[in-house]
Every structure is written in structure tokens, then in C-alpha cells.
Amino acid sequence: MECDEGLFINVRQPPSGLQPRTQQRTASKPQHGKSGQIKFECSQEGNPLKRKPAPPSPQTRRLQKKAKSGIKEAGLPKFPSQKPLTDAKDSDASGNRPFVKTSCLFKNNPEIPDIQRTSVKQVQEKVFTSDSFDQLGLHPHLVSTLISVLKISSMTSVQKQTIPILLQGKDALVRSQTGSGKTLAYGIPLVQALQRAEPKIKRGDGPYALVLVPTRELALQSFETVQKLLKPFTWIVPGVLMGGEKKKSEKARLRKGINILIATPGRLVDHINSTKCIHFRHIQWLILDEADRILDLGFEKAVTAILNAINADSEKRQNVLLSATLTEGVSRLADISLHDPVYISIAEGSLGSNTSKAEACAKEDGGVSAVSLEERGFAVPENLQQNVVVVPSKLRLVTLAAFILGKLKFEKCNKMIVFFSSCEQVEFHHTLFHKVLAADLEQPWLPPSPLTFARLHGDMKQEERTSVFQDFLQSKTSILLCTDVAARGLDLPQVTWIVQYNPPASLAEYVHRVGRTARIGSHGNSLLILAPSEAEYVNFLASCKINVSEMKMESVLSSLMKDDRFKGSQRGNKKFHSDDPQEVRRRATILQTEFENYVHSNAETVQRAKKALQSFIRSYATYPASLKHIFHVKSLHLGHVAKSFGLRDAPKNLSATSAFPKQAKNQKQKRREFLLKKTRGKRRLAEILQSEYSSGLDMVASKVKRKKKLASLETER
Ligand SMILES: Nc1ncnc2c1ncn2[C@@H]1O[C@H](COP(=O)(O)OP(=O)(O)OP(=O)(O)O)[C@@H](O)[C@H]1O
């Protein structure tokens, strides 16, 4: 056990020199010093055996008496969490040796570095234009649908520039900021073209357009938008194919005919391989939305298989690639899928809108280098206020919880998305917050808590994913804990806060995550939570023209002053200043203790916390080489990180060894282990990605190959 991670004192059979302290809430119990100032007990300070035990206070004696006799608090039924939250008791295996734990959150933390922020000029985009849709020569029913069903009348910049190009039948590569209306930028010309096709499209003709998107939720969302646009043109049938749905019913729908097919790549390849009736004889449009992500996810192979299948059936078609973040991957994909495309970028100071690729090449001295495009920075919405808070590892959990409470419980009309780096972390925090922060919900005699926690990640069943997504879409105030499965394309109105609890692995992902708020000109906020060792990330963002303002951890934690639950043994009428730092720390400790008590309430919850911690470390090891100087597993303090998972100690059986290899190995052995680990790491990464974005791609063959490779490495050892 690490010395600063908690002190275990046996109260029934105290070590010599210690008096029983059953009722002393040592976890956070403040002691009054001579000066009257509140002090905190801290495990690592001195030998516990030498500590002078304090006698129980009158209040604790009273509580002890009540606990023994089972008397209820006046007017209140007895409920465990109604006790002062500082009651950090536990029992050992025999159940008769309660322990008192001392948490020490505010000691032995690394210093929080000053954020030396140089203000940079962010890339700007103008979202709206004053031009209306009726000047585009669209079918009048399409224009009236836009007004009456979608409630829009004037075009956004990206729509103004893209729709005419696509109506001319050209290929296009479209880049504009998140929430700027790219779906309609391709949806409107697509529907306009298909409704006037001669001979008239019949359902049985099969797909005329294929829209590929990286996630299931985005597939559903795009399908709904296209469905709305098609309202007056009932003979054109849209349909969606995505992992997690029943393949049999998808096959039946394919047999009947789908004219605008929206699909995730994996599931489509699955159908190409196994569904006889699927064909692309009439394909006229191929649209790749979030194109860079489709490649990031290792879908390149699937996209190539899809392109081959389409090319084999019909050669001539219009191709469109869209994303808020152009990366190297997109330009590679553009090479294989686009034909003499027009490059449309809305950002001020970009190459200029409607630039042909050839022109762009000339301007770029040697090609449309997506890397150089990335270096220029991506546009983020003008009305997005971006923040960062630097928090020592031990305090991460309470800081996040305090932030959630502050925004969702004590402010009105907030809706929040919190991003984590793994499914296990989402699951763990979802249960933890539901049990500890929203616990009032289980106490009907208390006013209802406004905190509603939802979760979304790739390991959930599809029906659940869909219903969570729909519920969150409609709710006015709630918190969605999720992985990057929700980072792309999702249009979730009224989201006011984006929190990145685990920093993203790429600038593109940062931009997409924060882009879930401040959409289509509205206001939004984001908060990035960094450890002190990660503070350099702020400079990285600045180098990519992203400005973040610093929030102070203490000010985030001060929300706890508004919550009487964390008064602990100081209940009563005593008034505190909202900025009393000692009291803020005391309350943070009470909350941490509450988390730890929940986590350590049984073996299963401890196991879940360990699993979540392990998945955090694994994902931490997958930051790209370019960010390793900021995010390196070696800079993690396991004991402190464990605390942020409500664990009192760093788990002993955690595979920390794999993160910190022993130095004493000879070179050859090291090399073999490195290769083995690399393969495993990659496999794990692939598994994580596959589970996040799983869309039905059959991985069996590649799994067998990988197993063989691993086995050969193992035998070499
Ligand atoms: N011309 C318009 N006027 C008003 N609202 C619009 C207009 N066009 C689109 N919208 C709305 O803007 C929101 C965002 O649109 P959309 O999801 O297409 O953005 P996006 O650019 O694809 O974002 P992302 O890059 O995050 O995928 C949607 O709610 C959409 O209905």
C-alpha cells in the first residue's frame, strides 16, 4: 500500500498505543488546531502508532448510540447514505473488524504548472449566409419541405458553396466546421437529382446512392434527415444498414429495394459478401461522410472492398467526401475514390472555396497535403468557449463530479457530454455517478435530483444504444457519458457542455468532440481535464490554433459548497464562505470517501473499478508517438490514478509490469517482449476500436492470423 493512499486503523483491536476511534471520521474528519483552524489528518505524516487519538466528539457519541439502538433520525427513515458521508467504515472478511480509512487527497500531489497560454487566432468560418434555397432552382416541393419540415430557409456557407457544385454533377471534397450543415449540403442535391431522374426511380431498382458513415447512430441520424427530405418524393425509398441490427431483416429490405442506402462500412461489406440480392447496377452517388474517421478506424480495407464492388457494377458516378477535419487519410481516400474533385473549404484564409484539386496542388507546393492543411488548424465554432483545468490524478474524480454537480444540479438548462477513452471507464463512471451523485433519486422523501446519467459506447447492445441516443436527444438536462463513438457527426441539440475527461488522441478528435456543442451558430462550452504532467497539451492545441482558457481546480471544486450532502459532520446551520479553501477540501474529501466506500462495498465493484483502471492505462499507452512526450504511461502515478477510480490502493495484480518493463532484461529478450507486446497492443487497440465502432465486419480470419503470429512469438520465447 502506498503511504499516501490511505491509513487503515483497526478500531476494535487497536495497535498498541492507539485508542479505539470507532466514531471518529478519520477519512476526512477535521481536527481543530490551537489556532482554531481546521486541519486534515493525513496518513503519510508520521507514524500512526505515535498519533495521539482524539476522543470522540459529543456528536459522534450521539451517532454511535443511535447506530447501536437502530433509532431513526427524527422524521426520517434510516437510510445508509443519510449518514454523514464521512462515515468511512468498512469491515474485513470476518465482518467484525471495521476499519476507518483516511483519505488524503490534497497531499503529495505534483504541483500544478502555470498555463503559459499564448493567445492564437483561431481559424474562423462564417456559418450562415442570407441566401435562400429557392435561388438554386430546386424542385418547389423540396424547398417547401426545407421550410415546413426542417424549418430552415436560408443556406449555410457550406450549403451555398457545395449544392451548386454537386448539382453540376461534379465530385467534391468538402471541409467545413462541425455543426455547419454538411448533411443537407449533400442531401439536398442528392434528392434534387434523384427525384427528377428519368425513367422514374422504382424501389426494385436498388441503390442509386450510397452514403457511408462511421457509426450506427450517425447512420440513423443521416437516414432520418434523408427521410425528411424525401417526404414529397415517396417513390424514392431510403434505408439503413448497420451493425447490431438483425441481418435477416436487412436482407429482406434489400430484397424489396432501397434507393438511398445509408450504411456503416463493415456491415455493408458483410452484405456484399453474403447477401445475393445486393447490387450496385444503378449507383450514381457515393458519399463518404466523416471520411477521415472511416479510414482512422481501419475501415480502409472495407471501403476498398465497397469501391471494388461498386466499380464492378457501374463505373460512372458522382463522389463526395465530407469532414470537418481533413487529414492525410482523406487525401489518400480522395485519390482512390474521387474524380477530378472540387475542393470546398469554408475556413477564412483557406485555399479558397471551390478550388479544384489541381489548383490546390499548385498552391500547396507539391500536392494537397492534408498534413499541411492540418497544421493550419481546423475551424471550431466561433461561439464555443473552450476551457482547460489542470488537476492532479488523485483529484480527477472529485473534480469531474463537482463540475457535473455545479453545472447540472445548481445551474439551469445544461446538458452535458463527458468523453472517456474506453467502454469500461464509461460503464464504471456511469454506475458510480448514478449510485453516488444521483443517489437522492432513491430517497423519495427528498426533492428529486435533476441528475440523469446516460451512457453510450460500442460494447452496448444496439437496441440499448438506440434508445439511449433517442432519450438523450429529447432530454433537456442530462449527462451522457460516452466514448468517441459519439464524437462524430451526432447532432444533439441543446448540449451546452462538452467535457473531455480523457484527452483525445488526435487534434481531429478534439475538434469533433467539442463540435457536439455550439452547433449551427449556437453557444456552447467545453472543458478539457488534464493532469499536471499533461499541461503541455495546451501548447500543442495553441500550435494548432486552438485557444483554451484556464479554469482553476479550486473554483470547480467550490461547487461542493452548494451541496448540503457534503457538509458531513458539520451539518447544521453553520454558514461557510463559498470560497473557504479548507472547507472546499474537506467536502471534496467527503465526496471522495463516498466514492471509495461505494467502490469498496463489495468485491464486484472493486473488480469493476480495477477493470476500468486497467482499460484507462491501456488506452493511455495508445497515444500516438507525436504526443508521447505529453501522454506517457511512465508519467502515470498508479496509486494516484487508482484513487481516481475510487480505489484506495494501486491494485497489485494490475499489469503495471507491461507498462513499465524491468530494465534488467537482456537485449534479445527485450526485443522479443517488445514485439510480443506491440502485437498485443495493436490487437487490443484494434479490438477497442472494433468494439467502439463495430458494425458487423467479420474479423474471424484476421483473428486466426494474429493468433498464429502471437503463438510463433510465444514459442520463440
Ligand atoms: N440552412 C440551415 N439553417 C438552419 N439550420 C440548419 C441549416 N442546415 C442545417 N441545419 C441544422 O444544423 C444542424 C447541424 O447540421 P449537420 O449535422 O448537418 O452539421 P455537420 O456540418 O454535418 O456537423 P458535423 O461535422 O458535426 O457532422 C442540424 O440540426 C441541421 O438541421
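Select the ligand first: in this predicted model, 21 residues surround the ligand, and the closest are Ser154, Gln159, Lys182, Thr183 and Asp491. Colour that shell by residue class and it divides into six nonpolar, ten polar and five charged residues. Two elements to highlight here are β7 (154-156) and α4 (182-195), each of which supplies at least two residues of the shell.

Start with the side chain of Gln159, where an N or O atom is 2.8 Å from a nitrogen atom of the ligand. Move to Ser180: here a backbone N or O atom lies 3.0 Å from an oxygen atom of the ligand. Then pick Asp491, which places a polar side-chain atom 2.4 Å from a ligand oxygen atom.

Now select residues 131-160, where UniProt, in an unreviewed entry, places the feature "domain: DEAD-box RNA helicase Q". This stretch is 43% helix and 17% strand. Its end C-alpha atoms are 8 Å apart.

From there, go to helix α3, residues 157-167. How many of its eleven residues are buried? Eight are, so the helix is mostly covered. The buried set consists of Ser157, Val158, Gln159, Gln161, Thr162, Ile163, Ile165 and Leu166.

Finish at Gly169, which follows α3 and has a positive phi, near 85°.

Note on methods: Residues numbered from 1 in each chain as written. Predicted model: local features only at pLDDT ≥ 70, side-chain atom pairs only at ≥ 80, totals over all residues. Heavy atoms only, no water. UniProt positions renumbered as here; feature names shortened; annotations may be inferred. Helix = DSSP H or I, 4+ residues; strand = E, 2+ residues; numbered from the N terminus. Buried < 20%, exposed > 50% of the residue type's maximum accessible area, 1.4 Å probe, protein only. Near = heavy atom within 4 Å. Polar contact = N/O pair within 3.5 Å; in protein donor to acceptor, adjacent residues only side chain to side chain. Nonpolar A, V, L, I, M, F, W, Y, C, P; charged D, E, K, R; others polar.
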